[in-house]
Amino acid sequence: MTATLTDHALLIAVVLLVLGVSGVLVRRNLLFILMSLEIMLNAAGLAFVAAGARWAQADGQIMFILIITLAAAEVAIGLALALRIYRHFRTLDADALSGMRG
Amino acid sequence: MNLAFYLAAAVAVFATAMVVTRLNAVHALLYLVVSLLAVALMFYILGAPFAAALEIIIYAGAIMVLFVFVVMMLNLGEQAVARERGWLTPGIWVGPALLSVVLLAELLYILIPGTRAVVNPEIVDAKRVGVELFGPYLLAVELASMLLLAGLVGAWQLGRRDVPAERQEAGHDSDAD
């Protein structure tokens, strides 16, 4: 495992993370925001796996497994919330939900 | 210069950019699956075959199916048929299909016996991951199981069609907790 390959894998992870962040910031549809969150979690997992491969240790893959668990739980809750919001407001526009009472 | 790795990385970045810029959720999901497959191939080249398998099974399989189900549930209505007809035009699935073909060709190239050099020789296989996972990381596994249980209960509660408290105050936009 060469150091340059690790560097470039981390670079790709950063690029994917930035794409995910821009997706969260730019898109106003809740489904797309959730997808961008998945992209960001995936980029974090790529960084962990690349670092674990650099030192030939299993810790990176273990952190990836934990991240994937988090992503599964997060997307289940997030999609259930999105469905509920859609039933309530008939829209998935995040800006339409900004008016809160209280 | 590991060409296979950089080709997979290029596919991943391109597909992810397409996810963020698509207007239709299903088109974005197609590209997102391709992006996850490309990242799985990168894991394989990095010498993490177990993580690559998990990426495909859990991410590209289970989580994407959740997204597809929700998109299907949101699209109930008579315009769904017309939309379905629009989705069958070749212009939409040709992009993800081409990217998938690139990834498939790359995978087949890697699997040819003589070209294994592109894969990181220090492979961390599933056995080592499992030994560490249920050794030093046992507490993290327990916590992950609690997290999944919380996710299950939460999704079940939020996904119920009629919560009793909501039925009483139908028409109001307040949320009973």
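This is a short tour of a predicted two-chain model, covering confidence, fold, interface and a few individual residues.

**Ground rules and confidence**

Because the model is predicted, local features need pLDDT of at least 70 and side-chain atom pairs count only at pLDDT 80 or more, while totals for chains, interfaces and linings use all residues. Residues are numbered from 1 along each chain as its sequence is written, chains are lettered from A and ligands numbered from 1 in the order in which they are written, and side-chain values use heavy atoms, with hydrogens and water left out.

The model comes with ipTM 0.91 and pTM 0.85. For pLDDT (the predictor's confidence in each residue, from 0 to 100), chain A has a mean of 89, with 96% of its residues at 70 or more. Chain B has a mean of 83, and 81% of its residues get to 70 or more. A word of caution applies here: where pLDDT is low, the predicted coordinates should not be read in detail.

**Chain B on its own**

What does the secondary structure of chain B come to? Eight helices and zero strands, with helices (H or I, at least four residues) and strands (E, at least two) taken as DSSP runs numbered from the N terminus. Written out from the N terminus, the elements run α-α-α-α-α-α-α-α. Chain B has 177 residues, and 36% of them count as buried; buried means under 20% relative accessible area, exposed over 50%, and partly exposed in between (1.4 Å probe, protein chains only). Now for contacts, meaning heavy atoms within 4.5 Å: among those in chain B between residues at least 6 apart in sequence, 66% join residues at least 24 apart.

**Where the chains meet**

The size of an interface is often given as the accessible area lost when the parts come together. Here about 5,400 Å² is buried between chain B and chain A, and carbon and sulfur atoms give 75% of that. Buried area is the accessible area (1.4 Å probe) that two parts lose on being put together, summed over both. The contact draws 64 residues from chain B and 52 residues from chain A.

How many salt bridges are there between chain B and chain A? The count is zero, going by a side-chain nitrogen of Lys or Arg within 4 Å of a carboxyl oxygen of Asp or Glu. Polar contacts do turn up: 11 residue pairs across the interface of chain B and chain A, both partners at pLDDT 80 or more. The rule there is a pair of N or O atoms within 3.5 Å; within protein, one must be able to donate a hydrogen and the other to accept it, and residues adjacent in sequence count only if both atoms are side-chain atoms.

On the side of chain B that touches chain A, helices H1 (3–21), H2 (25–45), H3 (49–74), H6 (126–133) and H7 (138–159) of chain B each supply at least two residues. H3(B) gives the most, with 13 residues. By class, that side of chain B has 43 nonpolar, 11 polar and 10 charged residues. Ala, Val, Leu, Ile, Met, Phe, Trp, Tyr, Cys and Pro count as nonpolar, Asp, Glu, Lys and Arg as charged, and the others, Gly among them, as polar.

| Pair | Separation in sequence | C-alpha distance |
|---|---|---|
| A:Asn29 and A:Leu92 | 63 residues | 5.5 Å |
| B:Ala126 and B:Ala51 | 75 residues | 8.4 Å |
| A:Ala47 and A:Phe64 | 17 residues | 9.0 Å |
| B:Ala60 and B:Ala126 | 66 residues | 19 Å |

In chain A, A:Asn29 sits in the loop between helix H1 (3–26) and H2 and is partly exposed, with a relative accessible area of 27%. A:Ala47 is in helix H2 of chain A; at 23% relative accessibility, A:Ala47 counts as partly exposed. Not counting residues up to four places away in sequence, A:Ala47 touches A:Leu10 and A:Ala13.

A:Ala56 is worth a look too: A:Ala56 has a positive phi of about 55° although it is not a glycine. A:Ala56 belongs to the loop between H2 and H3 of chain A and is buried, with a relative accessible area of 17%.

Over in chain B, B:Ala60 lies in helix H3 and is buried at a relative accessible area of 16%. Leaving aside neighbours within four places in sequence, B:Ala60 is in contact with B:Leu36, B:Leu37 and B:Glu55. B:Ala126 is in helix H6 of chain B and counts as partly exposed, at 37% relative accessibility.
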